[in-house]
Amino acid sequence: MKFRPLHDRILVRRIEAEEKTAGGIIIPDTAKEKPQEGEVVAVGPGGRDEAGKPVELDVKVGDRILFSKWSGTEIKLHGEDLLIMKESDVMGVIESASETRKAA
């Protein structure tokens, strides 16, 4: 079974935060916050503007994104915890250093 988001929705896999601080202190599960970083797993075809023309999404499969703590709806798909959210819930795309250098 495959899952395809509709309209301007995206499917996101949370990227877990480090379990240790830079100083080597281990963070217990009870003190951890929900990760606000994720990887886009699937994207919908996009929305429509006021004139009814299709508008493509800015994010694509494989992008690493940042989103707010309470964004999206948690779902379980094939035993994996995922989030489905609107593209407007995404605060930004994290680009690697090599991609940034190519653009410059």
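Helices (H or I, at least four residues) and strands (E, at least two) are DSSP runs, numbered from the N terminus. On that basis, the protein chain has 1 helix and 8 strands, in the order β-β-β-β-β-β-β-β-α along the sequence.

This is a predicted model, in which local features need pLDDT of at least 70 and side-chain atom pairs count only at pLDDT 80 or more, while totals for chains, interfaces and linings use all residues. Residues are numbered from 1 along each chain as its sequence is written, and side-chain values use heavy atoms, with hydrogens and water left out.

Contact means heavy atoms within 4.5 Å. Among contacts in the protein chain between residues at least 6 apart in sequence, 64% join residues at least 24 apart. Buried means under 20% relative accessible area, exposed over 50%, and partly exposed in between (1.4 Å probe, protein chains only). Of the 104 residues in the protein chain, 23% are buried.

Let me turn to one residue. Where does E87 lie? It is in the loop between β7 (80–86) and β8. E87 is buried yet has no salt bridge, that is, a side-chain nitrogen of Lys or Arg within 4 Å of a carboxyl oxygen of Asp or Glu. The nearest side chain of opposite charge, K86, is 10 Å away; here Lys and Arg count as positive and Asp and Glu as negative, with His and the chain ends not counted. Leaving aside neighbours within four places in sequence, E87 is in contact with D8, L57, D58 and V59.

Finally, I94 lies in strand β8 (residues 90–94) and is partly exposed, at a relative accessible area of 35%.
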